[in-house]
Amino acid sequence: MKRLLVLATLLTTLFSLSAFADLDAVVKAKKLKVAVDTTYPPMEFEATDGKIIGLDVDLARELAKILKVEAEFIVMPWDGILAGLQSNRYDIIMSSMNITPERSAAVNFVPYISMGQVFVVKQTGAAVTKDTELAGKTVAVQVDTTSFTAVEAIQKKGVKIKAIKTFPGATETFSALKANQADVIVTDEAVGRYYTGLDAKTFKVSGNALKPEPIGIAVRKADPKLLKVLEEAVKTIKANGTYSRIYKQWLKTEPTL
């Protein structure tokens, strides 16, 4: 029994040390490695000169400043972004990730914004304003997103959707709609309004698909100290006006704090 107690104490100690190791490594390296999927403008995307820009990018830089480190962005495909965090390729994910029960079972989240989902159709196509109007239509969504989950749930409720087409990035869903490979897109409101703003002759937002849901910064469960520091940093940028300034810059509207 004594040996078991000694072993348990040792394991507890080792766990505690490992739990704080990542934040210590961030501070020591003076870099916060942030994973982003750059197919999601205006949240995170690549400018024509190759620079990574967007609302999440600017917010991450401000959070890094509070930690007195520099933000370094690691571009990842969406379908592998959580696995990369779990395998220590970077420190956090800040890439418009909805907080879901399934994801919360794997990682911790620092909530920082809420966003709804919208229907996007072609200007020449039939408007979609509610779930039941997806019947008979081909729906384009980004794979492994809450948009995809929402469309699947609508289908399970009995709406006779013709087909659900998944794509690795949001950009590809708009390409598919433009090429008549889909009738409607379900996507985050910010993304939908950004693309329709870029090409208003082709696309339009025709209705709301889902009410706003929380989005968070994903942090490994083994790093509670980094989680706590980021929670405080988010409070700071919301209190000092930095969050509102960046939000309005990219989304052209006032945030709900």
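Predicted model: local features only at pLDDT ≥ 70, side-chain atom pairs only at ≥ 80, totals over all residues.
**Entry 1: surface and overall form**

Residues are numbered from 1 along each chain as its sequence is written, and side-chain values use heavy atoms, with hydrogens and water left out.

I then recorded the span of the C-alpha trace along its principal axes, about 70 × 45 × 30 Å. The chain has nine helices and eleven strands; these are DSSP runs numbered from the N terminus, helices being H or I of at least four residues and strands E of at least two.

**Entry 2: burial**

I checked burial next: 49% of the 257 residues count as buried. Buried means under 20% relative accessible area, exposed means over 50%, and partly exposed lies in between (1.4 Å probe, protein chains only).

I examined helix 7 (residues 189–198), where Ala190, Val191, Gly192, Tyr195 and Thr196 are buried. These buried residues pack against several elements, including strand 7 (107–122), strand 11 (203–220) and helix 9 (242–251); a contact means heavy atoms within 4.5 Å.

**Entry 3: salt bridges**

I counted eleven salt bridges, each defined as a side-chain nitrogen of Lys or Arg within 4 Å of a carboxyl oxygen of Asp or Glu. Side chains of opposite charge can pair when their charged atoms come close.

Arginine 220 forms a salt bridge with aspartate 22, with the closest N and O atoms 2.7 Å apart. Arginine 220 lies in strand 11 and aspartate 22 in helix 1 (residues 2–29), so the pair ties together parts that are 198 residues apart in sequence. I found arginine 220 to be buried, at a relative accessible area of 7%.

Lysine 31 and glutamate 72 also meet in a salt bridge, at 3.4 Å from N to O. Because lysine 31 is in strand 1 (residues 31–36) and glutamate 72 in strand 5 (residues 70–75), this pair ties together parts 41 residues apart in sequence. Lysine 31 is partly exposed at 35% relative accessibility, and glutamate 72 is partly exposed at 27%.

Glutamate 254 is exposed, with a relative accessible area of 52%, whereas lysine 248 is partly exposed at 36%.
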